[in-house]
Amino acid sequence: MAHDATYDADFEHYDAFDVDRDELQSQLSKTVIRRRRGEETANRRDQQAWHGTAFVLECVILMLFLTISLAIVSYLFGASHQSGQAANDLTHALVLASTESVNGAEAFAANPTDTSVPEIAYYTEEGGVLTQVPQYLSGVYSVKRTVEQQQTAAGTLYTATIEVVRYEKTVYTLQTESYVSEGRR
């Protein structure tokens with residue numbers, strides 16, 4: 001075993017006290033080994049503690065990610081439902097304003113001078129089918145037709161504005177005109 005100058009200087013000091021050099025070197029080596037083992041054990045403990053901390057940190061980050069993802073997906077499903085309901089309302093309002101309603105655009109085009117048509121009609125939707133109801137209820141479609149007339153030299157121009165309202169919000173408005181000549185009246 002080769003010795004460096006530092007060890008030799010240290011051992012010369014102990015030679016003066018009549019100490020066995022090999023025994024002292026063996027004890028010194030054991031002490032160094034113990035210290036190194038202690039450092040390795042401490043390093044292992046630090047690494048094990050770090051692995052536990054890393055696991056907890058990963059779990060927290062995963063929970064945060066899952067919570068944010070759930071919030072985003074819930075928002076998208078809610079927005080999708082609202083958009084679908086608005087599209088459904090618009091489709092029913094368009095059908096009511098143009099054809100289905102007793103005071104719709106087709107009824108107006110057939111006879112713009114008909115005064116027996118109610119100004120407001122109410123419809124409810126059940127299972128995709130629109131049926132007329134006698135009075136206003138919450139959530140029904142209100143179809144209101146307003147007719148204005150303008151006299152001309154050869155006849156009368158009737159203008160109808162048909163407005164479909166649901167939950168006190170205008171869903172659809174349709175404006176149509178029909179001309180009636182003097183000889184046709």
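Tutor: Start with a definition. Helices are DSSP runs of H or I with at least four residues; strands are runs of E with at least two, and both are numbered from the N terminus. By that count, Leu64 is found in helix H2, residues 21-100. One more thing before we go on: this is a predicted model.

Student: How many helices and strands are there in the protein?

Tutor: The protein has three helices and five strands. Along the sequence, the pattern reads α-α-α-β-β-β-β-β.

Student: What is the mean pLDDT of the protein?

Tutor: The mean is 81. Of the residues, 75% reach 70 or more. Now look at the elements. Helix H1, residues 5-15, has the lowest confidence, with a mean of 54. Strand E4 has the highest, at 92.

Student: Now the sheet. In what order do the five strands stand?

Tutor: General idea first. Strands of a sheet pair through backbone hydrogen bonds, and the pairing is either parallel or antiparallel. Here the order is E2-E1-E3-E4-E5, in an open sheet with antiparallel pairing. The edges are strand E2 (129-133) and strand E5 (169-181), each pairing on one side only. From one strand to the next, the twist averages 25°.

Student: How many bridges pair E1 with E3?

Tutor: Four bridges join strand E1 (residues 120-126) to strand E3 (residues 141-151), in the antiparallel sense. To find one place on the model, take Ile120: Lys144 in E3 stands opposite.

Student: And how many bridges pair E3 with E4?

Tutor: E3 and E4 (residues 155-166) share 11 bridges, again antiparallel. Gln150 stands opposite Leu157 in E4. Val143 has Val164 in E4 as its bridge partner. The two strands form a hairpin, with three residues between them.

Student: How many bridges join E4 to E5?

Tutor: E4 and E5 run antiparallel and are joined by 12 bridges. Thr156 has its bridge partner, Val180, in E5. These strands make a hairpin as well, with two residues between them. In that hairpin, Tyr167 takes a positive phi near 50°.

Student: Is E4 enclosed or exposed, and why?

Tutor: Strand E4 is largely enclosed by the rest of the structure, because nine of its 12 residues are buried.

Student: How should I read side chains along a strand?

Tutor: In a regular strand the side chains alternate between the two faces of the sheet. For a case, go to Val147 in strand E3. Its relative accessible area is 37%, so Val147 counts as partly exposed, a class that lies between 20% and 50%.

Student: How far apart are the C-alpha atoms of Val147 and Pro112?

Tutor: They are separated by 8.3 Å, while the two residues lie 35 residues apart along the chain.

Student: Next, charges. How many salt bridges does a search of the whole structure find?

Tutor: Side chains of opposite charge can pair when their charged atoms come close. The search finds one salt bridge. Arg166 forms it with Asp89, and the closest N and O atoms are 2.5 Å apart. The pair links distant parts of the chain: Arg166 is in strand E4, Asp89 is in helix H2, and 77 residues separate them.

Student: Are Arg166 and Asp89 buried or exposed?

Tutor: Arg166 is buried, and Asp89 is buried too.

Student: Last topic, the surface. Which residues make the nonpolar surface patch?

Tutor: Leu64, Ile68, Ile72, Tyr75 and Leu76 make the patch, which covers about 550 Å². Begin with Leu64, in helix H2.

Student: Why does Leu64 count as exposed?

Tutor: Check the cut-off: exposed means over 50% relative accessible area. Leu64 has 53% relative accessibility, so Leu64 counts as exposed.

Key: Residues numbered from 1 in each chain as written. Predicted model: local features only at pLDDT ≥ 70, side-chain atom pairs only at ≥ 80, totals over all residues. Heavy atoms only, no water. Pairing = 2+ DSSP bridges. Patch = residues over 30% accessible without salt bridge, like charges linked within 9 Å, V, L, I, M, F, W, Y side chains within 5 Å. Areas by Shrake-Rupley, 256 points an atom, 1.4 Å probe, with all protein chains shown as cover. Salt bridge = Lys/Arg side-chain N within 4 Å of Asp/Glu carboxyl O. Buried < 20%, exposed > 50% of the residue type's maximum accessible area, 1.4 Å probe, protein only. Axes fitted to C-alpha atoms, helices over the stretch in contact; angles between N-to-C directions. pLDDT = per-residue confidence, 0-100.
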